[in-house]
Amino acid sequence: MINLNLVRKENIQTLLLENAIGVEELANCLGVDVGMMSRKLSEEQGKISDKLARQIEQTFSKPVFWLDAGAADDSMQFDLLG
């Protein structure tokens with residue numbers, strides 16, 4: 001069974017690398033508390049809610065459910081220009 005929370009955290013790490021930003025910048029872009037975001041990403045029990053996942057996708061112009069796509073799932077590719 002796929003751990004959705006773990007997949008979301010892995011995809012957020014990809015997003016941070018793509019945008020060359022850290023957790024502080026991510027939190028600022030989302031308008032959320034830096035400490036809260038840091039805990040959600042670093043703690044094993046930190047949960048990325050559906051609402052936060054959709055907000056992250058919208059903020060970074062990703063398709064809906066992009067954060068939920070399996071980190072190793074190459075079949076889920078998105079072309080924003082085509």
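**Figure 1. Overall fold of the chain.** From the N terminus on, the elements of the chain follow the order α-α-α-α. The chain thus shown contains 4 helices and 0 strands, where helices (H or I, at least four residues) and strands (E, at least two) are DSSP runs numbered from the N terminus. The model is predicted: local features need pLDDT of at least 70 and side-chain atom pairs count only at pLDDT 80 or more, whereas totals for chains, interfaces and linings use all residues. Residues are numbered from 1 along each chain as its sequence is written, and side-chain values use heavy atoms, with hydrogens and water left out. Of the 82 residues in the chain, 28% are buried; buried means under 20% relative accessible area, exposed over 50%, and partly exposed in between (1.4 Å probe, protein chains only). The accessible surface of the chain is about 5,400 Å², and carbon and sulfur atoms account for 53% of that surface. Accessible areas come from the Shrake-Rupley method with a 1.4 Å probe; for residues, only the protein chains shown count as cover. Among contacts (heavy atoms within 4.5 Å) between residues at least 6 apart in sequence, 53% join residues at least 24 apart.

Figure 2. N5 belongs to helix α1, which spans residues 4-19. With a relative accessibility of 17%, N5 counts as buried. Beyond its neighbours within four places in sequence, N5 is in contact with G46, K47 and I48. The side chain of N5 reaches the backbone oxygen of G46 at 2.6 Å. Between N5 and I48, the C-alpha to C-alpha distance is 6.1 Å, although the two residues are 43 apart in sequence.

**Figure 3. Salt bridges of R8.** A salt bridge is a side-chain nitrogen of Lys or Arg within 4 Å of a carboxyl oxygen of Asp or Glu, and by this rule the count comes to 5. One of them joins the side chains of R8 and D50 at 2.6 Å, N to O. This pair links distant parts of the chain, with R8 in helix α1 and D50 in helix α4 (residues 50-59), 42 residues apart. R8 also meets D68 in a salt bridge, with an N to O distance of 2.6 Å between the side chains. Here too the pair links distant parts of the chain: D68 lies in the segment after α4, 60 residues from R8 in helix α1. R8 is buried, at 2% relative accessibility, whereas D50 is partly exposed, with a relative accessible area of 47%. R8, D50, R54, E57 and D68 are linked in a network of salt bridges.

**Figure 4. Salt bridge between E18 and K62.** The side chains of E18 and K62 form a salt bridge at 3.0 Å, N to O. Distant parts of the chain are linked by this pair, E18 being in helix α1 and K62 in the segment after α4, 44 residues apart. E18 is partly exposed, its relative accessible area being 47%.

**Figure 5. The largest nonpolar core.** The largest nonpolar core has 15 residues, and those with the most contacts inside it are I12, L26, M37 and I56. Helices α1, α2 (23-30), α3 (34-42) and α4 each give two or more residues to this core. A nonpolar core is a set of buried Ala, Val, Leu, Ile, Met, Phe, Trp, Tyr and Cys residues joined through side-chain atoms within 4.5 Å. In soluble globular proteins, nonpolar side chains tend to be buried together. Leaving aside its neighbours within four places in sequence, I56 is in contact with I12, L15, L30 and L67.

Key:
A polar contact is a pair of N or O atoms within 3.5 Å; within protein, one must be able to donate a hydrogen and the other to accept it, and residues adjacent in sequence count only if both atoms are side-chain atoms.
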